[in-house]
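Dear colleague,

Please find below the structure that I am handing over to you. My notes on two parts of the fold follow it.

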Amino acid sequence: MDLQVLRSFRAVAEGVTVTEAAAAAHITQPALSRALNRLEREVGAELLQRVGRVLRLTPAGRVFKEHVDTVLDSYDRGRRAVAEVVDPDTGVVSLAFLHTLGTWLVPRLVTGFRQRFAAVRFELHQADENGLAEHLLDATADLIITGKDPGHPLITWRRLLVEPLWLAVPARHRLAQRRRVRLAEVSGEQFIVLKPGYGLRSVTETLCREAGFSPLVGFEGEEVETLRGLVASGLGVSLIPAAPDAAAAPETNPDLPVRYLRLTDVQAVRDIGIARLAARTLPPATRHFVEHALSTTTTAAVQV
């Protein structure tokens with residue numbers, strides 16, 4: 001078996017059609033089908049079976065794919081490590097991060113980093129809070145930027161900054177003309193929150209408990225921008241970071257459909273940090289990015 005066949009097997013196992021996988025490998029579809037059949041003979045088990053018009057993994061195929069993922073990831077990392085030893089100013093930084101950080105923090109860090117290391121490329125992945133740690137443990141990312149310490153014994157986490165959270169209310173809300181409120185003042189209102197598993201969801205629930213109530217969940221979403229849009233439509237309130245266009249003075253901007261109010265009865269903030277596997281030696285480009293992220297956010301931290 002060769003690496004290209006393993007890559008094609010992994011692609012088909014993840015839902016790509018044989019025709020598409022063959023095109024990506026620059027071979028014909030019959031040639032790839034024969035290669036997959038040879039792979040099954042070498043392994044000694046049926047790995048894929050047809051269900052309707054698609055191929056699905058057999059139980060043996062699921063076990064084999066786990067090892068294929070490890071082999072391919074190790075090989076790719078080896079190639080990257082060699083390239084970066086030859087030229088440490090190039091390479092690839094594999095980074096996973098929270099969806100909510102893709103609108104401001106990650107672009108800011110990447111842009112600043114590439115001013116010094118213009119030849120470095122980035123592999124970017126987005127996930128919820130629970131999925132981020134898996135990117136490290138599955139070796140699909142070297143670094144994660146997350147809203148809290150994953151608390152895993154194999155992962156080391158360092159704080160980058162503290163991000164303020166605001167009570168977002170519709171422009172015509174009864175509290176919209178206020179600058180500061182107590183979270184308890186909206187205890188009876190519907191909250192618009194992220195789905196369970198997202199870090200911001202657990203932060204919201206914790207802050208509401210500190211204010212003396214459990215949030216009445218009216219809507220759940222998967223993106224902060226979706227929550228912001230639902231607030232703007234008058235469907236409820238939410239605890240979220242300020243929108244980028246409101247970051248300078250989110251509580252006073254009169255032109256926004258959402259008003260951002262500072263909370264006085266709870267400390268409405270969340271930690272943002274960067275994490276890596278403790279035992280993994282980072283390639284030079286990735287190590288440079290960690291140093292850049294720590295130095296940049298230390299000198300330009302969000303004011304709370």
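Two strands are said to pair if DSSP finds at least two bridges between them. In this predicted model, strand 8 and strand 12 (residues 258–263) pair over two bridges, in the parallel sense. Within this pairing, arginine 180 stands opposite arginine 262 of strand 12.

Both strands belong to an open sheet of four strands with mixed pairing, in the order 8-12-7-11. Strand 8 (180–181) and strand 11 (238–240) stand at the edges; each has a single partner strand, so one side of each is left without a neighbour in the sheet. Helix 8 (residues 224–232) packs on this sheet and touches strand 7 (166–170), strand 11 and strand 12. The direction of helix 8 makes about 140° with that of strand 11.

In general, an α-helix has 3.6 residues a turn, so residues three or four places apart point the same way.

Both ends of helix 3 also deserve a note. At the start, a side-chain oxygen of threonine 28 comes to within 3.2 Å of the backbone nitrogen of alanine 31. Just after the helix, glycine 44 adopts a positive phi of about 90°.

With kind regards

Notes: Residues are numbered from 1 along each chain as its sequence is written. This is a predicted model: local features need pLDDT of at least 70, side-chain atom pairs count only at pLDDT 80 or more; totals for chains, interfaces and linings use all residues. Side-chain values use heavy atoms; hydrogens and water are left out. A polar contact is a pair of N or O atoms within 3.5 Å; within protein, one must be able to donate a hydrogen and the other to accept it, and residues adjacent in sequence count only if both atoms are side-chain atoms. Contact means heavy atoms within 4.5 Å. Axes are lines fitted to C-alpha atoms, for helices over the stretch in contact, and angles run from 0 to 180 degrees between N-to-C directions.
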